[in-house]
Amino acid sequence: QAILLLRHGSLISTTAGLAEGAGDGGNITIDASAGSIIAVPTENSDITANAFTGQGGNVAITVQGIFGIERRDQLTPLSDITATSQLGIDGPIQIETLALPPDQGSIELPSNLVDTSQLLAQGCEQFNADADAQGAFFVSGRGGIGPITSAILSSDDVLDDLRLPESWPETTAIAEAQDGFVTATGEVVLTAERLSPVTHHRCWN
């Protein structure tokens, strides 16, 4: 790809009437359909077909892309393309870029690339499982946890309330067990204080 590079104050000019005289600006035709024009915006490289009292020239540019230089109504310290006339008629500037737009040549992909109905198992076979070896699903909600079932809860069913209390009751500090004994029913009781020998003897069975 060919490149027309404008650097360090480059100038392509057909300007007429530099000494405030008569005359029309000349025409500029750049046919770089297989290339691009590149300039540095701050280096004041210009393409001009200006005039003073006459008419500005015609500027026709055909390129793949144009970068760093812009069409303007008057010359500036930047890189410009102008065809102006101070006392006459400005000339036309036509810039045709042949580069493809980003969305040209793209195709729309189909939305049904994958058959999602084939990704999920339609059923699971039960191997070597008896009727009593079934799973259970539980749901947590207000008032406790209960099994999901079609049976109606009876008055004997108790659900634990697992909600956190709004305020915690004040309790005494937790103390390490100092002594213990076994009751007649076999229960182990731990005490925060040491038992006296009499009590200790009476409680052990």
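S45 sits in the loop that runs between β3 (28-39) and β4 (46-48). Helices (H or I, at least four residues) and strands (E, at least two) are DSSP runs, numbered from the N terminus. S45 is buried, at a relative accessible area of 0%. Buried means under 20% relative accessible area, exposed means over 50%, and partly exposed lies in between (1.4 Å probe, protein chains only).

The S45 side chain comes to 3.4 Å from the backbone nitrogen of G9. Apart from residues up to four places away in sequence, S45 touches L6, R7, H8, G9, S10, I69, S79 and D80. Contact here means heavy atoms within 4.5 Å.

## Basis of the model

This is a predicted model: local features need pLDDT of at least 70, side-chain atom pairs count only at pLDDT 80 or more, and totals for chains, interfaces and linings use all residues. Residues are numbered from 1 along each chain as its sequence is written, and side-chain values use heavy atoms, with hydrogens and water left out.

pLDDT is the predictor's confidence in each residue, from 0 to 100. The chain has a mean pLDDT of 76, and 58% of its residues reach 70 or more. Over residues 200-205 the pLDDT is below 50; this stretch has 11 contacts in the model beyond near neighbours in sequence. Where pLDDT is low, the predicted coordinates should not be read in detail.

## Overall layout

The chain comes to one helix and 12 strands. Along the sequence the pattern is β-β-β-β-β-β-β-β-β-β-β-β-α. Of the 205 residues, 21% count as buried. Among contacts with a separation of 6 or more, 62% join residues 24 or more positions apart.

Two strands pair if DSSP finds at least two bridges between them. β2 and β4 pair in the parallel sense over three bridges.

S13 stands opposite T48 in β4. Is T48 buried or exposed? T48 is buried, with a relative accessible area of 4%. Not counting residues up to four places away in sequence, T48 touches L11, I12, S13, T14, T15, I28, L75 and T82.

## Nonpolar core

A nonpolar core is a set of buried Ala, Val, Leu, Ile, Met, Phe, Trp, Tyr and Cys residues joined through side-chain atoms within 4.5 Å. The largest one has 15 residues, of which I30, I37, I47, V59, I61, I69 and I81 touch the most other members. β3 and β5 (59-67) are the elements that give two or more residues to this core. β3 gives the most, with five residues.

I30 lies in strand β3 and is buried at a relative accessible area of 14%. Leaving aside neighbours within four places in sequence, I30 is in contact with L4, I12, I37, I47, A60, I61 and T62. The C-alpha atoms of I30 and T62 are separated by 6.2 Å, although the two residues are 32 apart along the chain. I37, with residues up to four places away again excluded, touches L4, L6, I30, I61, V63, G65, I66, F67 and I69.

## Salt bridges

The structure holds three salt bridges. A salt bridge is a side-chain nitrogen of Lys or Arg within 4 Å of a carboxyl oxygen of Asp or Glu. One joins the side chains of E43 and R7 (2.7 Å, N to O). E43 lies in the loop between β3 and β4, and R7 in the loop between β1 (2-6) and β2, so the pair ties together parts that are 36 residues apart in sequence. E43 counts as buried at 18% relative accessibility. R7 counts as partly exposed at 33%.

E70, R72 and D80 are linked in a network of salt bridges. The side chains of E70 and R72 meet at 3.7 Å, N to O. R72 also bridges to D80, with the closest N and O atoms 2.7 Å apart. E70 counts as partly exposed at 47% relative accessibility, whereas D80 is buried, with a relative accessible area of 0%. D80 is also one of the residues that S45 touches.

Terms used
A polar contact is a pair of N or O atoms within 3.5 Å; within protein, one must be able to donate a hydrogen and the other to accept it, and residues adjacent in sequence count only if both atoms are side-chain atoms.
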